[in-house]
Amino acid sequence: MTTALATSGFDWVCQLVRRESAIVLAPGKEYLVEARLMPLARQLGLPGVAELVERVRARPEPALTRGIVEALTTNETSWFRDGDPFTALTGTVVPALQAARRPGEPITIWSAACSSGQEAYTIAMLLADSLPGATSRVRITATDLSRAMVDRTRAGRFSQLEVNRGLPAPMLVRHFSRVGAEWEISPALRQMVTASELNLAAPLPRLGPFDVVYLRNVLIYFDPPTKREVLRKVRQVMRPDGWLFLGAAETTLGVDDSWERVPCGRGSAYRPMKGK
Amino acid sequence: MRALVIDDSRAMRRIVASILEGFGYETRPAGHGREALDVLEEGWVPDLACIDWNMPVMDGLQFVSAVRAVPAWRQVTLMMVTTESEHGQIVKALAAGAHEYVIKPFTADAIGDKLSLLGLMPVPA
């Protein structure tokens with residue numbers, strides 16, 4: 001028999017997640033906390049989420065605290081998720097960068113909440129297919145708050161269900177091989193991607209400078225001051241003529257006025273405003 | 001939009017058809033490739049065909065080749081929906097003229113993602 005999570009337990013989880021990741025869990029998300037933490041409770045042989053929270057509150061364990069934060073930071077992803085930022089990359093951004101950079105100069109891209117790596121490898125595949133010499137010229141930095149997600153990105157292996165989610169079949173056969181029940185990205189593409197743990201809410205390590213940043217479906221989880229702070233840090237690691245892609249429901253407008261929104265492909269991108 | 005759902009399993013035909021109908025498609029079923037060709041020949045030419053590989057009478061790969069041999073059916077998008085999951089099988093289906101490939105088991109979202117990629121997601125009225 002499981003016990004429902006009491007308000008005080010839910011509040012405690014919200015504070016923990018906010019402190020560790022700056023992600024705001026809105027009131028009414030009790031169902032999300034229950035659903036995401038239940039597997040962790042079961043792994044520990046506990047009857048329910050209430051008991052899990054009780055245990056961590058009574059005797060804090062860093063590994064368990066981390067497990068709770070990771071379970072609650074959304075990892076939903078698929079190949080070519082919201083296709084516009086990818087068609088804009090090959091149609092607009094890379095041609096502009098090629099014109100602005102010396103021949104062969106590296107093109108640097110940051111996938112700032114990479115989850116299990118689909119976004120970073122989507123970018124790698126697109127550029128490998130469209131830009132001569134991309135496998136040596138393009139450097140993709142993939143970061144995520146979750147250690148488990150970073151490990152998955154490094155491995156470059158995906159389940160059958162994952163490759164079914166929006167990965168075009170011609171790209172699957174061109175860039176992946178079957179390894180047992182999974183599909184593995186080719187070594188040439190894997191070496192374009194460097195994955196590491198990174199908390200966007202904490203001071204950033206030495207990074208960049210980046211020509212392109214994908215920061216999609218991340219800001220929606222932050223409160224306005226944290227959004228502004230994350231955007232400020234992103235701008236510091238971007239080249240002055242760089243391009244930022246946000247999620248379809250996100251914008252810098254009304255949050256940080258040092259970005260210019262520009263039409264890009266069928267959607268929009270944001271560019272650092274000069275003199276700001 | 002119209003979709004032809006070709007599978008020798010009635011349960012699988014129902015699953016695929018109900019996903020497509022949920023997206024706004026009008027569907028017709030066929031139990032194998034030959035039966036599906038009959039539907040095309042009678043003039044019901046769909047936008048999309050979801051095709052199982054292993055079926056009696058005419059298998060999915062034979063159906064793909066037969067459709068690709070008829071210029072009037074060039075606009076039909078062919079998507080394999082099958083348990084065949086080897087790299088070489090996918091290459092073979094694409095070489096025969098299939099546009100996309102979904103490996104069973106799949107979710108409704110997986111079908112939706114492929115339709116979006118193919119530009120075949122109906123716009124709600």
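Which residue in E4(B) is the bridge partner of Ala49(B)? In this predicted model, the partner is Leu78(B). The two strands concerned are E3 (residues 48-51) and E4 (residues 77-82) of chain B, which pair in the parallel sense over four bridges. Both belong to an open sheet of five strands in chain B, with parallel pairing and the order E2-E1-E3-E4-E5. Strand E2 (26-30) and strand E5 (100-103) of chain B form the edges of this sheet, each pairing on one side only. From one strand to the next, the twist averages 20°.

Helix H3 (residues 60-68) of chain B lies across strand E1 (2-6), E3 and E4 of chain B, and runs at about 175° to E4(B). In helix H4 (residues 87-96) of chain B, the residues Ile90(B), Ala93(B) and Leu94(B) are buried. These three cover an arc of only 95° around the axis and therefore sit on the same side of H4(B). Gly88(B) and Ala95(B), on the other side of H4(B), are exposed. The cover over the buried residues of H4(B) includes H3, E4 and E5 of chain B, together with H10 of chain A. Just after H4(B), Gly97(B) takes a positive phi of about 125°.

H10(A) also features in the contact between the chains. This contact takes 13 residues from chain A and 15 residues from chain B. On the side of chain A that touches chain B, two or more residues are given by each of helix H9 (160-164), helix H10 (169-175) and strand E4 (176-179) of chain A. H10(A) gives the most to this side, with four residues. By class, the side of chain A that touches chain B has six nonpolar, five polar and two charged residues.

Within chain A, helix H1 (residues 7-21) packs against helix H4 (residues 62-72) at an angle of about 90°, with the axes 10 Å apart. The two helices, H1(A) and H4(A), are therefore roughly perpendicular to each other. H1(A) makes the contact through Val13(A), Leu16(A), Val17(A), Glu20(A) and Ser21(A), and H4(A) through Thr65(A), Ile68(A), Val69(A) and Leu72(A). By class, six nonpolar, two polar and one charged residues make up the contact of H1(A) with H4(A).

Key: Residues are numbered from 1 along each chain as its sequence is written. Chains are lettered from A and ligands numbered from 1 in the order in which they are written. This is a predicted model: local features need pLDDT of at least 70, side-chain atom pairs count only at pLDDT 80 or more; totals for chains, interfaces and linings use all residues. Two strands pair if DSSP finds at least two bridges between them. Axes are lines fitted to C-alpha atoms, for helices over the stretch in contact, and angles run from 0 to 180 degrees between N-to-C directions. Two residues are in contact if their C-beta atoms, placed from the backbone, lie within 7 Å. Angles under 35 degrees count as roughly parallel, over 145 as roughly antiparallel, 65 to 115 as roughly perpendicular and the rest as oblique. Ala, Val, Leu, Ile, Met, Phe, Trp, Tyr, Cys and Pro count as nonpolar, Asp, Glu, Lys and Arg as charged, and the others, Gly among them, as polar. A residue is buried if 20 or more other C-beta atoms lie within 10 Å of its own, exposed if 12 or fewer, and partly exposed in between; C-beta atoms are placed from the backbone. The arc is that of the directions from the helix axis to the C-beta atoms.
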